[in-house]
Amino acid sequence: MHPSPEAGPIVGIDLGTTNSLVAVCDAAGPRVLADAEGRQLLPSVVRFVRGGAPVVGHEARARAVENPVDTVHSAKRFMGRGFAESAPAAGGLPYALVEGPRGLAAFGVGGAVVTPQEVAAQVLGELRRTAEASLGVPVRRAVITVPAYFDDAQRQATRDAARLAGLEAVRIVNEPTAAALAYGIGGSRERRMQPETIAVYDFGGGTFDVSVLQLVPGGPDDGEFFQVLSTAGDTRLGGDDLDEAIIALVMGEIRAQFGTALDFPPAARQALRTFAERAKVALSAAESTTLEVSLGGDRTYRRTLSRAEFEALAAPFVARTIEACRRAMRDAGNPEIDRVVLVGGSTRIPAVRAAVGAFFGREPYAALDPDLVVALGASLQASVLGGGRRDLLLVDVVPLSLGIETVGGAVAKLVIRNASIPTRATEMFSTSVDGQVNVGIHVLQGERELVADCRSIARFELRGIPPMPAGIPQIEVEFLVDENGVLSVTAAERRSGRRASVQVVPSYGLTAEDVDRMERESFAHARDDMHRHRVVDLTANARLDLKWIGDALGRVREQLEPAYVEELEAAMMGLKGHIAAAEHDARAVDANAFQQAKEALDRLSIRVHEVAIAASLRSAGAAR
Ligand code: AMP
């Protein structure tokens, strides 16, 4: 039995300690909804105003410094907890923790006693309004996520918060379960009768937890797909600690450099914190960043912080998370881990990913935005409960071909449509420009032959290739689509060993209608597309031939018979004519004539290459 569609959509909500999100899964797949300003993350912060309506989200967080005593953040830590057990953790909070009804923890803010449920209800209400504005229909039901370690009282408090916000919590789902669902793990239990074990590593701004889950084969139709084997973590460990470590370094150096016993008033500390976080985030993408603090007068503190230095600062914190992983694994009976899923903004740090991968002996899943993954999973669970499109989760085959862009805007397909998964494919590529040290890899999906007609799903760069002539580097591109439809693309240059990779979930945002349409279009344009692809490839190869022949001819022209040189140059001119025509209008080009001209030049050029090679061997010998 499914609820009737008139009941409206069921949304998925990630009710977080720091930020909250709402997502929906409809015909277009799962997506996080944005507010009128385009923001997806709502700060879980509420300011209570005496005699007025509470202020929720961005505004409350932005003005928290001015209204510290009436602004509640991190209310989630106190959901369903007793006052007595919470009091020790309340030190350092700017707002007052008080004893609420039935001995539960509550807050004394805005001249009233406010429960954590009431704070959460404000956040949920705001998310509900965002969803209604975005979807244009009333929203009354939600799947809400909670940490795996939440007990019954904490889960009940979450349900109560939803009710206060006018939402029915149709299911409370564990955050790690939602994260796994977002990757399609457990989505099609029919295919998977062996148990599968998943580790979910969640490293956010203020908290860390890790869960070991086991997929329940053939579980109840709409029930939890996973059983939690163990959890471990630290509710006081997060990205904030890494910011603090940078601040401590900077303050120490400022004191050493400027000698004075500088004191840092709260506003200055706040500014330092923002600046430390920015440096940390920059180092996830760059190898180094510049720290610069103006200290008034003509005093400026400036230094470069390298990724390696930051990693050294972060190492003790990362080690603590790995220690927790070890505890969770031990409590779960040290099972073999089949998959590792990353959640939380701090998992964008390359050293964190590397440490997690090394500990579990598995490359972690990182295709989805770690801030959105829990909300996306909640929306998938919601769509299953709402009787929505179950089939979105079922991906047994690759629905559309996958490939990469090659010179001239053609697509080289590596994985062909309907390949059953898991599947793996590799192909060799090279550079098209002399001395090229970076290569952009553009990953595409679709049946058409040219980039412009396919769907772009990812881009990344392979950097640091040693400079070599065009066409010499050997770049192996590997596509791997695993059992869950997660695509990993890796590019590796053979000689230097440089590698780069990206992960994506190609089925996201793709509906059955899209797949049908793209397939129909590919049939309709098949002839034309094939022709254009052939011309694009011919053009790219002909250019490279002309370049090589031109280089060789430049070196050994004097050693060749004038008649041969004349014939060769005429053939080169002819091929250039084909290239110019192809650039003007690829459709009008006679591809057979183009190809014959290219092959004729190739045959003719054997001599100039032979003479050039002999000449360079001679000069190498003379030099020795
Ligand atoms: P969350 O609680 O999941 O929203 O995670 C927020 C934490 O992730 C904060 O400490 C952020 O500074 C951190 N964070 C976000 N993006 C990055 C990044 N690219 N590199 C390092 N840390 C990040």
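**Burial, ligand shell and local geometry in a predicted model**

Of the 624 residues of the protein chain, 49% count as buried (under 20% relative accessible area; exposed is over 50% and partly exposed lies in between, with a 1.4 Å probe and protein chains only). The model is predicted: local features need pLDDT of at least 70, side-chain atom pairs count only at pLDDT 80 or more, and totals for chains, interfaces and linings use all residues. Residues are numbered from 1 along each chain as its sequence is written, and side-chain values use heavy atoms, with hydrogens and water left out.

The protein chain contains 15 helices and 26 strands. These elements are DSSP runs numbered from the N terminus, with helices (H or I) of at least four residues and strands (E) of at least two. Along the principal axes, the C-alpha atoms of the chain fill a box of roughly 105 × 75 × 50 Å. The accessible surface of the chain comes to about 28400 Å². Carbon and sulfur atoms account for 52% of that surface. Areas come from the Shrake-Rupley method with a 1.4 Å probe; for residues, only the protein chains shown count as cover. Contacts (heavy atoms within 4.5 Å) were also sorted by sequence separation. Among those between residues at least 6 apart in sequence, 66% join residues at least 24 apart.

A polar backbone atom of glycine 205 is 2.9 Å from an oxygen atom of the ligand. Glutamate 277 places a polar side-chain atom 2.6 Å from an oxygen atom of the ligand. For serine 284, a polar side-chain atom lies 2.6 Å from a ligand nitrogen atom. Taken alone, the ligand exposes 500 Å², and the protein buries 83% of that.

Helix H5 (residues 175–182) is largely enclosed by the rest of the structure, because 8 of its 8 residues are buried. The buried residues of H5 include Glu175, Thr177 and Leu181. Just after H5, glycine 184 takes a positive phi of about 80 degrees.

Most residues other than glycine have a negative phi. Serine 74 has a positive phi of about 55 degrees. Serine 74 sits in the loop between strand E7 (71–72) and helix H2 (83–86). With a relative accessible area of 13%, serine 74 is buried. Asparagine 334 has a positive phi near 45 degrees. The loop that holds asparagine 334 runs between helix H8 (307–331) and strand E18 (339–343). Asparagine 334 counts as exposed, at 53% relative accessibility.

Serine 230 belongs to strand E15 (residues 226–234). Its relative accessibility is 6%, so serine 230 counts as buried. The serine 230 side chain reaches the backbone oxygen of alanine 328 at 2.6 Å. Not counting residues up to four places away in sequence, serine 230 touches Val210, Ser211, Val212, Ala328, Asp331 and Ala332. Glutamine 436 lies in the loop between strand E21 (423–429) and strand E22 (439–445). Its side chain reaches the backbone nitrogen of valine 433 at 3.3 Å. The glutamine 436 side chain also reaches the backbone oxygen of asparagine 438, at 3.2 Å. Beyond residues up to four places away in sequence, glutamine 436 touches Thr431, Ile465 and Met468.

The structure holds 0 disulfides (pairs of cysteine sulfur atoms within 2.5 Å). Cysteine 25 is buried, with a relative accessible area of 11%. Cysteine 325 also counts as buried, at 1% relative accessibility.

Terms used. Polar contact = N/O pair within 3.5 Å; in protein donor to acceptor, adjacent residues only side chain to side chain.
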